[in-house]
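User: Hi! I'd like to go through some strand pairing with you. Could you take a look at this one?

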Amino acid sequence: MPAAPITFFNRLTQRIETEAVYGEGFLRFTYESPLGALPLHALVKRAAFSRWYGSRMDAPASRAKVAPFLVTYGVDTHEFTDSPDSFRTFNEFFYRKLKPQARPIAAGENEIAFPADGRHLVLPDIAACGDFFIKGTRFDLAALLGDAALAQRFAHGSLLISRLCPVDYHRFHFPFSGLPGTAKQINGPLYSVSPIALRKRPSILWENKREITVLRTPSLGDVLLLEVGATCVGSIVQTYTSDAAVAKGDEKGYFRFGGSCFITVFEPGKIRFTDDLIEHSRAGREVYARMGDVAAHALG
């Protein structure tokens with residue numbers, strides 16, 4: 001039986017589309033085949049494997065991969081700050097900067113912006129979600145945060161999962177203005193965050209290596225920002241300055257090579273996600289939208 005395709009709702013085109021999964025054959029073998037369990041646990045999930053693969057993407061020879069990648073995935077080079085020919089390695093292309101006008105930031109005072117390009121899924125009430133990818137699986141907020149007291153405080157809060165594919169813009173930004181603290185690292189393995197993997201093991205999101213930052217805001221209270229590493233992510237790089245005020249849309253950092261994920265957690269009763277996010281997430285379908293677009297509105 002052929003494997004089910006990965007579909008998502010594209011906010012830009014207003015259509016349900018099929019995702020072109022980078023390395024799909026390897027992912028399906030590793031996460032869907034019994035034979036794939038051996039390389040997954042012996043090698044793929046380990047940090048050493050991702051460091052090795054990331055180092056390959058830093059090698060001068062990796063530059064040759066850029067042009068074919070642009071053609072295969074139809075990446076819009078007009079958005080780039082730098083010319084596609086200027087990248088010395090694939091990794092430099094991967095964490096490229098974009099022209100400011102390529103990602104306008106939601107301007108309304110009560111509008112909360114997406115922190116990253118990608119495919120997004122929301123949980124309007126984290127504690128009420130009993131079917132996270134697999135029926136009967138609850139999102140383990142305490143495991144994600146590594147702090148039982150903090151998890152209890154945010155238990156009925158709202159959560160936005162922004163999944164970045166290798167084709168996406170890989171810099172992440174602040175979804176709202178405020179005062180960010182220092183990023184705290186929580187160690188873990190580096191499983192893939194592709195839906196192919198998450199449909200088999202949803203707990204990947206709260207097991208993988210991640211970093212957490214508390215953003216203190218005047219109207220939303222505390223907002224939790226988490227970067228989640230994944231297979232072949234060389235590293236998570238923070239570029240912001242802690243304890244210095246930031247504006248909505250300011251850059252927070254970037255991921256080096258690989259698929260990755262950004263999770264935003266809001267206090268209970270502070271925000272409402274846009275209707276398309278609520279509708280498609282209820283159906284178990286992600287919504288593609290870009291950094292800066294409106295993800296939610298502040299309440300009150």
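Predicted model: local features only at pLDDT ≥ 70, side-chain atom pairs only at ≥ 80, totals over all residues.

User: Which residue is the bridge partner of R119 in β15?

Analyst: Strand β15 spans residues 286–289 and pairs with β4 in the antiparallel sense, over three bridges. Within β15, the residue that partners R119 is Y288.

User: Is strand β4 largely enclosed or exposed?

Analyst: The strand takes in residues 118–123, and buried here means under 20% relative accessible area. Six of its six residues are buried, so the rest of the structure leaves β4 largely enclosed.

User: Turning to the open sheet of three strands, which are its edge strands?

Analyst: The sheet has the order β3-β16-β14, and its pairing is antiparallel. An edge strand here pairs on one side only, and that holds for β3 (111–113) and β14 (271–273). From one strand to the next, the twist averages 35°. The edge strands are therefore β3 and β14.

User: What angle does helix α10 make with the direction of β14?

Analyst: Strand β14 is joined by three bridges to the antiparallel β16 (residues 294–298), and F273 stands opposite A296 in β16. Helix α10, residues 275–282, packs on this sheet and touches both β14 and β16. The angle between the directions of α10 and β14 is about 65°.

Terms used
Residues numbered from 1 in each chain as written. Heavy atoms only, no water. Buried < 20%, exposed > 50% of the residue type's maximum accessible area, 1.4 Å probe, protein only. Helix = DSSP H or I, 4+ residues; strand = E, 2+ residues; numbered from the N terminus. Pairing = 2+ DSSP bridges. Axes fitted to C-alpha atoms, helices over the stretch in contact; angles between N-to-C directions. Contact = heavy atoms within 4.5 Å.
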